[in-house]
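Please open the structure in the viewer and keep the sequence at hand.

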Amino acid sequence: MSSTTDHTTSTPHLPLTRESVFSAHARVKQHVHRTPVLTSTTLSNLASTPQNTSALVGTEFEGQAPARPKIKLFFKCENYQKIGAFKARGAFHALSRLTKEELARGVVTHSSGNHAQALALAARTYGIPAHIVMPTISTPSKIAATKSYGAHVHFSGSVSEEREAMVEKVIQKTGAVLVPPYDHPDIILGQGTQALELEEQVEEILASERGDGDGRGGLDAIIAPLGGGGMLSGIATAMSGTRTTVFGAEPSTDGGDDGRRGLAMNPPTRIPSVKTLTIADGLRTPVGIIPWSVISDTNKVRGLYAVSDEQIKAAMRLVLERMKVVVEPSACVGLAVILFDEGFRHVVEREGGEAGWNIGVIFSGGNTTVEAIGKLFEVGAEEGERAEGTVGKDGAKVAENVAG
């Protein structure tokens, strides 16, 4: 992609290249966390264990021997990023690319979630106004969080036309510069910076394990969630030309796998709208135009896979219970693909062979609540009673008190 200029800023865009991601990282690293990379022997072992044949019934793999991939997982924990998600990277990079005159005008966007908070934080850091258009149905906690960073919140209807109309009103009144949530080169390059860190951190971990300073092997693959596509296209751009293969993961519920379905068309075609109530609420959006230009390039993104809400929940439960890490459902789609998508698992088995693959998994965010997690995993009354206590010999329900 050549350098271009849009109507929101006079600054020429950087080309979408690995070199541009390095440039973005140099700009944002003072403002964002170098989030940790965690490993889990338990989850790596589970990922390397063949699925039960019953799980393959009704799929194209029914009757076949389950794949036996060898997988070592490395989790990039963007749930520990500022504002609790990777979005801070793109917001800070976008602002770093504005001129002094543009910064003085302030910035505007429409978002009901993580981008709203990320742009508000970045604007506060730069000491400039931030105008955030949020639907009236936005979660109160997200509205409060956005306001806590000093942003001016403007309410609109929930459909895109209403949000965009309100953004236009704000621009006409204030002259603020539009910073889109994902469909912008500066956002894409900023989101890609996490892949550069992951690449380096995995080499450090492997070198430490070998004990000789040699981090040979490195990352064989990265899998990341796909919603609007800013993160996945950024990661693919960062890894372009390297030995690391990039994959995307989507929810399949209610057609949430618009990227996968678009790639299956002949020719591949971007699907411009998505209506899904998947539990992976951060991914309920169509792929953006600019991200699609990267994601639809098979030299940059090897493939897209989709998993059910039940599979996402199962992966999330493992992360919560085994890793003791709080993540939101959207962050778990990549792990769910690794655990449950037999097509993906066969790819790893075939290409990884005896050595297996080191796979980086992006935990994109952790912006959920105790109440939301509780509701997601709530059980029926009878099952709950069994979990809380047992029936004693006199017929009374008593809580078990066994040391462990």
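How many bridges join strand 3 (residues 107-110) to strand 6? Select both strands: 2 bridges join them, and they run parallel. Strands here are DSSP runs (E, at least two residues), as helices are runs of H or I with at least four residues, each numbered from the N terminus. Two strands count as paired if DSSP finds at least two bridges between them.

This is a predicted model, in which local features need pLDDT of at least 70 and side-chain atom pairs count only at pLDDT 80 or more, while totals for chains, interfaces and linings use all residues. Residues are numbered from 1 along each chain as its sequence is written, and side-chain values use heavy atoms, with hydrogens and water left out.

Then widen the view to the open sheet of 4 strands, ordered 5-4-3-6 with parallel pairing. Its edge strands are strand 5 (152-156) and strand 6 (177-178), each pairing on one side only.

Next, select strand 7 (residues 221-225), where 5 of 5 residues are buried, that is, under 20% relative accessible area with a 1.4 Å probe and protein chains only. Ala221, Ile223 and Pro225 lie on one side, Ile222 and Ala224 on the other.

Finally, select strand 10 (residues 357-363), which pairs with strand 7 in the parallel sense over 3 bridges. Ala221 stands opposite Ile359 of strand 10.

Key
Buried < 20%, exposed > 50% of the residue type's maximum accessible area, 1.4 Å probe, protein only.
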